Amino acid sequence: MRRLPVYLLLDTSGSMMGEPIEAVKNGVQTMVSALRQDPYALETAFLSIITFNSTANQPVPLTELTSFQTPPIEASGTTSLGAALSLLAQRAESEVNKTTAEQKGDWKPIVFIMTDGMPTDDWQKGLNDFQKQKWGMVVACAAGQAVDTSILKQITEVVVQLDTADSSSFKAFFKWVSASISTSSAKIEEGGKEVGGLNELPPPPPEVNVVV
Amino acid sequence: MTKTIKLVGISGNTIEFVDNGDPMQGGMKDVYFSPDKSYVVAFFRDYDFNKNKQEYNNLKDRMLEIVTTKKDGVFKQEGGSYWTDLLCWPYDLVEHNGKLGIAVPAYAKHFFFSVGSRNNDFLGIKGKEKEGKWFASPFHFNKNLDPHEKGDWYKFILVCLHIARATRRLHSAGLAHSDLSYKNVLVDPTSGKAAVIDLDGLVVPGKFPPDVMGTPDFIAPEVLSTKHLPKTDTNRKHPNIQTDRHALAVMIYMYLLHRHPLRGGKIHDVDPVKDEELSMGSKSVFIEHPTDKSNRPKMADVKPSHLTPTPWPDVSKLPYNLCGPYLQSLFNQAFIDGLHNPSSRPSAGDWEHALIKTIDLIQPCQNKSCEMKWYVFDNNTKPKCPFCGTSYKGQLPVLNFYVKTPAGKFSYENHRLMVYSGQNIYQWHVNKNILPNERLAPETKKPVADFHFHNNKWILINRKLSSLIDVSDSNKEIPIGSSIEITDGKQILLSKEEGGRLIIVQLVNNQ
């Protein structure tokens, strides 16, 4: 059985302190509960959390949804987005099973990146590490107005923005993430086109704006 | 913020829904409940009158036909009300803020989990819809579902029978469902019921093109292998009745064996997306193909916990022939002959008949704690339950059915009935001209005779048969209310009428 690896990269820098970080924790919890109720996601999706502030950490390695527990998350420090991308590349390299001639591997990982500020480290180096690997859907989310979305656009085509980093926006975002993981009937696409990008995802709620 | 919207449907009736700003979201539709929750109103998300009038009007034309002429064609026929439980058919059309909505009956109560998952519902699925996927994988079936939700093997045969029958009805009206999958079929293994939902995707061949390709696991190989072609290319294969037949065969296999018939160990490409396309599409191979063994599942890929209590993923322990000869032959036709040759696939009616005949072959397992409780008696010398391994002990009468040929002789029908205590004979056993389907009157669905093991003898009690005759005992009549002992070689005529069957008893003995 192919697993669908899902990596959540969460900004836990100081600016997330208070309502935003609590909203993120609730969002993760709600998302996992929703995914457990979806027989497709429950069977296929494996979830990992990578947090980044002054450094990047992986409090939850790739884990089956039935045994996933939301880790304690604290907000403090700076925004090491580059380190997070490097760690993501390194962890995916070792956790995701590759298909060989004898063994069916995993699906390409899907990645959701959520940040509320400008990267404070050498994010270009992280981007290079990240780009050395193959990914499935990659969605970057700018929480609030303090993010330069053009940086996120270099990581992925699919960038969305929350107007404000408040709990109702985070709630809507994580609900959308969870719906994106649950797949639905494949829509007929015009021949010759790779299915990809936002078209493959359910429509974002009003709180989540697509950055063009 | 929550408000009730009142609209007038195309039928002239009032249609209401509660807009709480947070609809349930399906693949294509946003769904709202009516105030009394007896129906839902589902709006098509991607069609907006103000953005694309032509697309919208095409959709409206198609839905109009589904809620009027197509619906009446099924429900206004003789026995039409039978389909209310099997086909969750949209019955009205509304327009609101540039969006088109359909009114659809809410699902029956038994299609929602009453217990849910194990360990006091650790997944929190109590009250959620019984989407078929929960019952179609060894992981969910063995590890997640509470035993109270799992029914037994007999009930799964009934579930499949209802799905096949509903599909047969659509096909005989010239309609293809186009997205038949465990997402669009609700099942209740505790009662054996099933209902086909999402009928708004119905495809009328040549008239309305399909707008979905189907759901992974159920998309026919020819649809997958031509999906790179432009939509208008004549070589591009779209969902139709033949692709529904593929989906139906896959679904029946999955509900009876809790694994996918094409997902085996064979690797076609190191890229998972390409590998998936090839292994479900142009290069697909039946995992239990008798001669091409290249796609046998690798047990090393299976988690040990998915193999207990019942080793569904292991085709060597639970091969598909446990489903009995009639289903085995249709699986061969669907996954060997017809896999890449759509016109050879068995029809929904073929499945319906084979499932009905298979019901006559099943026996209760003598192990009271057997998980599946019923199995197809394989008629070999040492029959045993394939699920728990318990051997059958004792005497078992097998009734072989014969019908009169035009020349006046009785010939064997390749149809038999396995007897157990409490087993019934129905009208469709008595007379070959009576078929168990929606057209039977309720009175005709009742048992007419039954079997019991009494004082160490097998007996048949006649309840309603007006001309039951013991042919082996100088054509003695067995009147209603009396019984006849069932012994080896006994010949009994069930009815003197035209089409009446003769049974010849074969007594299997296992001590």
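The legends below describe close-up views of a predicted model. Local features need pLDDT of at least 70 and side-chain atom pairs count only at pLDDT 80 or more, while totals for chains, interfaces and linings use all residues. Residues are numbered from 1 along each chain as its sequence is written, and chains are lettered from A in the order in which they are written.

**View 1. Domains of chain B.** Chain B is divided into domain 1 (3-106), domain 2 (131-360) and domain 3 (393-510), with bounds from an automatic or database domain assignment. The centres of domain 1 and domain 3 of chain B, taken over C-alpha atoms, are 48 Å apart.

**View 2. Contact between chains A and B.** Chain B gives 32 residues to the contact and chain A gives 26; two residues are in contact if their C-beta atoms, placed from the backbone, lie within 7 Å. On the side of chain B that touches chain A, the elements giving two or more residues are α3 (138-144), β10 (212-214) and α7 of chain B. Helices (H or I, at least four residues) and strands (E, at least two) are DSSP runs, numbered from the N terminus. β10(B) gives the most to this side, three residues.

**View 3. Helix α7 of chain B.** In α7 (residues 272-280) of chain B, the buried residues are B:P272, B:E277, B:S279 and B:M280. A residue is buried if 20 or more other C-beta atoms, placed from the backbone, lie within 10 Å of its own. The buried residues of α7(B) pack against α5 (221-225) of chain B.

**View 4. Surroundings of B:I163.** Leaving aside neighbours within four places in sequence, B:I163 is in contact with B:V185, B:A194, B:V196, B:L248 and B:M251.

Terms used. A residue is buried if 20 or more other C-beta atoms lie within 10 Å of its own, exposed if 12 or fewer, and partly exposed in between; C-beta atoms are placed from the backbone.
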